[in-house]
Amino acid sequence: MTRTGRHGIPPPDTRWGQIRRHLAEVKAPEFRFTQLLMAARDSGAETFDEIRSLPAPLRYELTERFGPLLQPLVPVVVERGDQVEKVLFETASGARIETVVAHYRGGWSSMCISSQAGCGLGCTFCATGAVGLVRQLTADEILAQVMHGHWRRSGVGRPESIALMGMGEALANPNLFDALKMLVAPEFGAFSPRRITVSTVGFAPNLARLLREQPQITPTLSVHSPFPEQRAAIIPLERRFPLAQNLELLDRHTIDVRRKAYLAYLLIDGVNDTDDHLEALTRLVRTRIRPELFHVNVIRYNEAAGADPAFRAPTAAATERFVDELRRRRIHATRRRQVGADIDAACGQLHARYLSGGAISGGTSGTPTRTALGAPTVAAARARTAEGGGLPGG
Ligand code: SF4
């Protein structure tokens with residue numbers, strides 16, 4: 001016996017899809033799945049057994065079939081800075097990924113989530129690229145970073161927006177599309193697609209699919225250099241899917257959907273911050289079909305463990321100047337501020353430090369705190385999960 005949800009939610013191949021099917025097979029009433037989802041979303045429960053709205057035999061049944069954990073991730077390290085909390089999660093297979101929540105003035109918070117463990121695209125400025133691809137995350141693992149009970153338990157709660165800008169190239173992972181369906185589904189993440197940003201270095205075939213399937217989601221294309229040769233040296237994917245091909249897709253999108261498209265420009269001292277770069281970047285935006293719908297976010301490079309050691313961060317003043325010069329040329333541009341620079345909020349850095357055996361300890365007042373969660377807890381949860389079986393990617 002199978003049950004299909006509204007609009008194919010949850011997607012049948014996901015763990016949530018399996019759970020829904022399993023409930024049907026054991027003849028649990030349909031509302032039990034809704035209870036389970038509400039608990040996953042709103043209660044802070046981390047195990048099936050904690051969901052007391054479900055009868056005990058059903059909790060036992062789910063634990064036996066899927067393992068004890070409600071979500072297929074365990075938080076192993078938590079770092080807290082001034083406006084930011086960063087969590088290193090571990091999957092059932094032992095892969096580690098990171099998720100960052102940044103709090104902005106006015107009470108707005110944004111969660112930056114990962115799409116892959118590591119990344120195989122080898123951008124030379126990126127700590128995650130230096131790790132290499134460990135594996136694709138499943139749709140459930142992408143979703144679990146947002147829905148994990150850890151956030152409610154630690155008082156962080158639900159973010160206002162989601163950015164797929166953590167570890168990995170989101171569009172190189174086909175599981176992203178099922179994850180997005182669940183993130184926007186009212187019964188799961190319930191996020192407005194307009195509050196979700198997908199960042200890409202230019203994986204053109206899946207950028208086209210994203211714009212077709214989720215036209216309200218905000219795309220951000222990493223430029224980092226307007227010169228193809230230099231861009232290919234920084235972002236090797238340029239050789240497979242050139243920037244020009246990706247910009248054409250965004251051109252079409254701005255015409256069809258009339259929504260903004262974002263270009264990211266990582267400013268690296270002495271590498272891509274010259275007047276020639278300014279002029280070429282300006283030309284690149286001005287020659288779009290709807291240039292007024294393109295916005296350039298300039299990001300100050302943050303020296304990352306594992307990235308090219310020759311790369312240096314520009315000064316804050318140089319970054320401001322670059323943005324001012326773009327604006328003077330009538331390009332919509334802002335400097336994207338990175339809260340949490342005190343805990344290396346750039347992608348992949350917590351992971352890189354963890355792998356290299358960097359110190360993990362408590363902090364003192366005024367400094368970021370970094371806490372390794374109890375190994376026995378993690379090990380026990382994983383052991384129980386392994387016993388229970390059924391976790392994807394395990
Ligand atoms: S910048 Fe993105 S695509 Fe490039 S190596 Fe890093 S994670 Fe991968």
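Analyst: Start with Leu143. Leaving out residues up to four places away in sequence, Leu143 touches Ala179, Met182, Leu183, Phe188 and Gly189. Contact here means that the C-beta atoms of two residues, placed from the backbone, lie within 7 Å.

A word on the source. This is a predicted model, in which local features need pLDDT of at least 70, side-chain atom pairs count only at pLDDT 80 or more, and totals for chains, interfaces and linings use all residues. Residues are numbered from 1 along each chain as its sequence is written.

Now the helix itself, H7. Helices (H or I, at least four residues) and strands (E, at least two) are DSSP runs, numbered from the N terminus. The protein chain has 14 helices and 13 strands. H7 covers residues 176-184, and its axis comes within 8 Å of the axis of H5, residues 139-147. The two axes cross at roughly 40°. Axes are lines fitted to C-alpha atoms, for helices over the stretch in contact, and angles run from 0 to 180 degrees between N-to-C directions. H5 and H7 are therefore oblique to each other. On this scale, angles under 35 degrees are roughly parallel, over 145 roughly antiparallel, 65 to 115 roughly perpendicular, and the rest oblique. The crossing of H5 past H7 is right-handed.

Which residues meet? From H5 come Ala139, Ile142, Leu143 and Val146. From H7 come Leu176, Asp178, Ala179, Met182 and Leu183. An α-helix has 3.6 residues a turn, so residues three or four places apart point the same way.

H7 is mostly covered, with eight of its nine residues buried. Buried means 20 or more other C-beta atoms within 10 Å of the residue's own; exposed means 12 or fewer; partly exposed lies in between; the C-beta atoms are placed from the backbone. The buried residues of H7 are Leu176, Asp178, Ala179, Leu180, Lys181, Met182, Leu183 and Val184. They pack against helix H1 (15-25), H5, strand E7 (161-164) and strand E8 (196-200).

Setting aside residues up to four places away in sequence, Leu183 touches Leu143, Val146, Ile162, Phe188, Gly189, Phe191 and Ile196. Leu183 and Ala139 are 44 residues apart along the chain, and their C-alpha atoms are separated by 9.8 Å.

The largest nonpolar core has 106 residues, and Leu143, Met182 and Leu183 touch the most other members. Domain 1 (6-70) and domain 2 (73-355) both give residues to this core, so it lies between them. A nonpolar core is a set of buried Ala, Val, Leu, Ile, Met, Phe, Trp, Tyr and Cys residues joined through C-beta atoms within 7 Å. The domain bounds come from an automatic or database domain assignment.

Finally, the chain as a whole. Of its 394 residues, 47% count as buried. Among contacts between residues at least 6 apart in sequence, 68% join residues at least 24 apart.

Key:
A crossing is left-handed if the near helix is turned anticlockwise from the far one by less than a right angle, and right-handed if clockwise.
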